[in-house]
Amino acid sequence: QVQLVESGGELVQAGGSLRLSCAASGRAFSTYAVGWFRQAPGKEREFVAAISGTAGSTYYADSVKGRFAISRDNAQKTVYLQMNSLEREDTAVYYCAAGYHPQYYYWGQGTQVTVSP
C-alpha cells in the first residue's frame, strides 16, 4: 500500500511558476512510477507527466513539454512537479498517482491550481 498527499497548489498569475509536491508513505515507493494528472472543471482527467521508479525516465504530455518538469527524491519519498510559464488552461485539480506506467493503482486527493489572467 502507498498513500499519497499532494501539496503546493494555489492561485497564481499567468506566466508564473508553482512547484507541486507529492509525498508518499508505504513500502517500495522507489520501485513505482509516479504520475501527475489533472482535471479541469467539466473535462476528463488527463495525463500531465510521469517519472519511472529507479531509472528516473520522464514522460510529458505535449501541452506541458518545455514548461513542466517532474523529478523525484526517493530518500524523501517525494515527487515534484515544477510548473513554469503557467497558462489559464493549466487551471485544474492536480493529482499524483503511483503504479507502473501507464497503470496507476494509488491516488492522492488532489491539489487545486488556479491560474488567473
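Reply:
**The aromatic cluster**

One aromatic cluster is formed by Tyr 32, Tyr 100, Tyr 105 and Tyr 106. This is a predicted model, where local features need pLDDT of at least 70, side-chain atom pairs count only at pLDDT 80 or more, and totals for chains, interfaces and linings use all residues. Residues are numbered from 1 along each chain as its sequence is written, and side-chain values use heavy atoms, with hydrogens and water left out.

The structure holds 6 aromatic pairs. Rings of Phe, Tyr and Trp (its six-membered ring) pair if their centres lie within 6.5 Å; planes under 30 degrees apart count as stacked, over 60 as edge-to-face and the rest as tilted.

Take Tyr 32 and Tyr 100. Their pair is tilted, at 5.2 Å centre to centre and 40 degrees between the planes. Tyr 32 lies in the loop between E3 and strand E4 (33-39), and Tyr 100 lies in strand E9, so the pair ties together parts that are 68 residues apart in sequence. Strands (E, at least two residues) are DSSP runs, numbered from the N terminus.

Now burial. Tyr 32 is buried, at 11% relative accessible area. Tyr 100 is partly exposed, at 44%. Buried means under 20% relative accessible area, exposed over 50%, partly exposed in between (1.4 Å probe, protein chains only).

Tyr 100 also pairs with Tyr 105. Their ring centres are 6.4 Å apart and their planes stand at 65 degrees, so this pair is edge-to-face. Tyr 105 is partly exposed, with a relative accessible area of 48%.

Definitions and conventions. Helix = DSSP H or I, 4+ residues; strand = E, 2+ residues; numbered from the N terminus.
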